[in-house]
Amino acid sequence: MKPDKAGARIVICEDERIVALDIKAFLLRNNHEVIGIYATAEELLMDAKSLSPDLVLMDIHLQGKMDGIEAADILLKRWSIPVILLTAYADGPTIERANLTHPFAYILKPYDERELKTAISIGLYRASMERRLRRSEERYRGLFEEGLASTMLVDTDGSILESNRAFGRFSGGASSIQDFLYNSEDVGALLSVMASGEVLAPREVRIRTTDSQESWALLSAAPIELPDGASAYQCQAVDVTERKTLMEQLIHAQKLSALGRFAGGVAHDFNNVLTAIMGYARLLRSDFETEGRSPDELDGIEQAAKRAAGISRQLLMFSRRDELRPKVFKLSDMVKDNVRMLKRILGDDVSIVTRPFEGDDSVLADRTRIEQALVNLVSNAKDAMPEGGRIIVLSGVMHVGSEMPGIMESVPAGSWAFLEVIDHGTGIDPDHQSRIFDPFYTTKAPDQGTGLGLSTVMGIVRQARGRMTMSSGKNEGTTMRLLFPLALEPEKGETHDAPLIGGSSVASEPFGPGKKRRVLLVEKDDSVRAIVEVLLDRSGFSVTSASQPGEALLLVEHESSVPDILVGDNTMRLLSGLELTGRLRLSYKDLPALLLRGQEEAGSHESTGKPPPEKIAYLDKPFFGEDLIAAILALLD
């Protein structure tokens, strides 16, 4: 008889063959499928997993050493296979023992067909419900155990009753929230919420970890009622350590960017003031020489102005608004060329050992700036060895196989030329290491440092598309390594320096007569305009001055004579120096122009590799009077 599709797959375990066949005939008549008949429990258990029956009808007393009660217990616990026990014995001990195995029914022989049919129907339904319940429990248990968030069940006193794998990985298996949360304030807040029965909104908390690393999580908690009626809280902690670290880096970068803009603005105004100071100092020097007086008093003013100009340049380097003059050069050559200067910086108590690379360690960068970075690092190393010692300066090439950590930014894989400064001094305290590259941060006395040294180094390295790494320990010395992308060595005579007229690229010339040539001076800063007027007047130039481009255009319209040259501020409201030059050239063809610019404005043409327009030159502030006159004469002649 072919079983119906709705029938169950049933196994019979009965040692009396006639009884077993009678049960089989009954099952087939009721559209069930008999997938096996066994006389011993041992044989059934061997095939139970592969057969996976829906139900087992089992006699208690069987052939073999194992009886049906013991086998039923194994089938239920190991494979969740339901069992209906069939027996001729109804004594109390047998029934009590059978109940311990939680049988789905207990049928006495000789069985009544209607009773057996009912027991099978109820047993199959109960088994189906239990399977669905078991699958549901397994599914939600899996969601709990395999969840990405650390989930725990917490008693109202803070004890952790249950937790998932993510919690174990995150916390190392803490047994209470007191062991899990780092700050007592967070513990108190959670216990207070649990005592009041409220919900804890997501809260950023610090976590205790087994590796003592700083870890952070977003913690939330809500009340839950347990099956026994007890109250507890389900808490979830999402690891936000990486996000918090990135956010802190972003905030730090934004602060540095804002500070950089502020530093650039300060340096711009500072340069205008220095231009006036240096100009008046040179005028006084000229007067002193005419009167035969000693200019020794002026030397101090000029030296102080030069030092202030150096600080201004450091501010501009930090703000990354200073002019770049990159060229290809070897780091090893730079180290060799600067040994003598470095020895003078260090004095007698500290010795220096250089180990330049023998191969090609060429980089594309502003050599002057890399030299300044080297000087700053060597000076810091000297300060770290108050009792004297030895500093080692290395250059070389290294290959980074995979991305590795660096200061502020990681070091990508690739080939890098490096410059390394090693000292055996006091080292850097771990509490200070995260701040030593902050501008104006210093552990030195107020009169011993500005706190710009390492921040300037960082700015220089970033401008050269480089990276930095550091290794330091208390009383273990410090190793600073600057890494730059390798560059091809330039052809002989080739240079990447940008062409400039004025500034340091023009040789200083003594004040010469202007032969009454007419200069149109346009400068928005009153102090700079005043000193430039005096310098030009003393040099024999006829000066017409204005503070704004519009004022200058009105002046030239009413002037009968044509200006020989424009000396103007490079950055002005409404019109830039270049734009003003273009407007004036509509009336005065090929009018030469010398544009005065702050160092943070430099590089507008040089960065593109294009020379300035014809008969236009730049002079960087602050400048000496002879530089101004030399630049004007170079354009006029």
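Predicted model: local features only at pLDDT ≥ 70, side-chain atom pairs only at ≥ 80, totals over all residues.
Residues are numbered from 1 along each chain as its sequence is written, and side-chain values rest on heavy atoms, with hydrogens and water left out.

The chain comprises 19 helices and 22 strands, where helices (H or I, at least four residues) and strands (E, at least two) are DSSP runs numbered from the N terminus. Of its 637 residues, 46% count as buried, a class defined by a relative accessible area under 20%, as against over 50% for exposed and in between for partly exposed (1.4 Å probe, protein chains only). The accessible surface of the chain amounts to about 33,100 Å², of which carbon and sulfur atoms supply 51%; these areas come from the Shrake-Rupley method with a 1.4 Å probe, and for residues only the protein chains shown count as cover. Where contacts (heavy atoms within 4.5 Å) join residues at least 6 apart in sequence, 66% of them link residues at least 24 apart.

Leu521 belongs to strand 18, which spans residues 518–522, and is buried, with a relative accessible area of 0%. Beyond its neighbours within four places in sequence, Leu521 is in contact with Arg529, Val532, Glu533, Val543, Thr544, Ser545, Ala546 and Val567. Ser547, 26 residues from Leu521 in sequence, lies 8.3 Å from Leu521 in space, C-alpha to C-alpha.

Two packed helices are described by the angle between their axes and the distance between the axes. For helix 17 (residues 549–558) and helix 18 (residues 577–585), the axes come within 11 Å and cross at roughly 20°, so that helix 17 is roughly parallel to helix 18. Here the axes are lines fitted to C-alpha atoms over the stretch in contact, with angles running from 0 to 180 degrees between N-to-C directions; angles under 35 degrees count as roughly parallel, over 145 as roughly antiparallel, 65 to 115 as roughly perpendicular and the rest as oblique. Pro549, Leu553 and Val556 of helix 17 and Leu580, Arg583 and Leu584 of helix 18 make the contact.

Thr581, also located in helix 18, is buried, with a relative accessible area of 1%. Leaving out residues up to four places away in sequence, Thr581 touches Leu566, Leu591, Ala593, Leu595 and Ile616.
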